[in-house]
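Here are my notes on this model, written for someone who is meeting it for the first time. Please read them with the structure open beside you.

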Amino acid sequence: MLLPAGEEDTRKVQTAVAGSPAADHPVYLPMDAAEYDRFIREYPAREFYCGTLLGGCGKKLSARKYRDKKCHFAHVAAGTCRRASTNEASADHLYMGRAIAVWLKEQKYGHVQPRYKQKGKQDLRDFVDVRYMHREERRERLVRVQLTRRSKSEWEETDTRLREQWAGIEWLFGPDSMLANWQIDRRGYALRIRCRPAGITRVVEVGVQLPDTPIDWVPLTECRMTAHGIRLPGLEPTADGLVPLGGRAPSPASRSIPTPATVGRRTDRSGERRPLETPSPPASPPGGDEPNRRAAAPADPQPHPEKADVFTAPETAPGSGEGAEGTLRTPPARVSPREIQAYHDKKATEEMILLLDHLDLVGDELHLDQLQTVLRGITTRERAMWRGPGPEVRKRVRAWQAHADMLLARPTFREICAHADAVRPLLSVAARTVRPLTWTELGTRLDGRLPALHPDDKVAVLVETDRATSPDRPLLSALVAARGHRVHPLYARVLDHLDRAVPRPSDAQAAWEEDLRRHRPSPDPRYAVRRVRASDI
């Protein structure tokens, strides 16, 4: 049901960005409260912003959980935000640009860079450009995602200009672009792109639009970029149009629908999807006997090639020469144990760099257990090396290990609720005497981990403590104060999370003292206590 214009809260949004106000990492908060716990586990840092790439104000947002209404983001601080679109599709341009960039990088294309901010007065959601480069070419190519409507003449002028500027251009048309028919007239088909909700994220899908034919949507991860354009399963793009491969492409009914569990899969060169796991151990040097090959395997934490005096290896690589079976071989060369160690360390270092590059690409989106799995693979290879990796690799490993330790130290939503269940009765007792407590006192009486919690986690504990507090009653969170009986800096954030009025900073102390006074003694004689005096506060 639509609310009247006067009752609509324009601060409530369904999408945000994670990390920083200018980040292109979109975040989608499902409206269903059942998905909220999973969402919080996915983003334990809780750093959400009304992103500037969303047309927002750049201020911090908080994720609100409701059991009686839709979950949403809300601005932490009061103010005016002129963001035009806040629904679940308002960040689709970021999802598309980021997904295409990751997809191209996984296929080893270089100079991949998405661009959202356009010159002039175009809206951020007009179109998205992703630039990339073939290895054998010196000029960059472009993927243009056209999201808004344009006239035929405007599109043709833009297409001519882009083809002069770039080595090649691939057009993808969004649901509202209305330009696909002109591309069909020119090329015989058009490529469409859309986002579909899948749990706590949105999946980017691509489809081919043909005349009088329903669009068969497939995940972008099932496609490949070729010299003639994007290749979808069962269809090969050529200079003359689309050519079927092995018959008709699979129908949507026979294709598996991706779920969040399949996110993180990649496409290999054969076009098949496989999980992104740690690479297999590096191959041993060509030739040699079986004991020496086992000694060179990186999975063995303590190889001992010094037991062999030399290592013999053919100078001609397997598969070269006159065929797989009739390969010409030269007399074997003698390889010293030191050379074996150097070869082993080089291959292990290459694998560590591959894993670190993978973390740099998608590490911020991995669950903690997935991140730890990759780090274990890196540690295994590091321990198996003779001399260890270089200082630059060690620095990258330490940075990701510190990130994992930070995530491990943050409490889960279930632990936050457990803290709230312990804090609530203690604050209820404090409310009877109207004597506020500090976080240090809470830690002394309940759990020593409470004072060391991240500020966002402290806010979450107090929000859950007062989740069931009646709107006409003061918050128990008011009983948590800063040293010197001062209003705690986090109290305003708790008020905002619970949709309470947030006073101006200059009035915060007086408003907090009034909230304390509202914790009047109960009429029940068992709870009759003296009323707090101003001097006590």
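1. In this predicted model, five of the five residues of strand 9 (residues 169–173) are buried, so the strand is largely enclosed by the rest of the structure. Buried means under 20% relative accessible area, with a 1.4 Å probe and protein chains only, and strands are DSSP runs of E with at least two residues, while helices are runs of H or I with at least four, each numbered from the N terminus. Both faces are covered, with Ile169, Trp171 and Phe173 on one side and Glu170 and Leu172 on the other.

2. Strand 9 pairs with strand 8 (residues 141–146) in the parallel sense over five bridges, where pairing requires that DSSP finds at least two bridges between the strands. Within this pairing, Val143 stands opposite Glu170.

3. In the largest nonpolar core, which has 38 residues, Ile100, Leu104, Val145 and Leu172 touch the most other members; such a core is a set of buried Ala, Val, Leu, Ile, Met, Phe, Trp, Tyr and Cys residues joined through side-chain atoms within 4.5 Å. Helix 2 (92–106) is among the elements that give two or more residues to this core, and its seven residues are the largest share.

4. A second, separate core of 31 residues includes Val423, Ala431, Trp439 and Val480.

5. On the basis of these notes: residues are numbered from 1 along each chain as its sequence is written, and side-chain values use heavy atoms, leaving out hydrogens and water. Local features need pLDDT of at least 70 and side-chain atom pairs count only at pLDDT 80 or more, whereas totals for chains, interfaces and linings use all residues.

How values were computed. Buried < 20%, exposed > 50% of the residue type's maximum accessible area, 1.4 Å probe, protein only.
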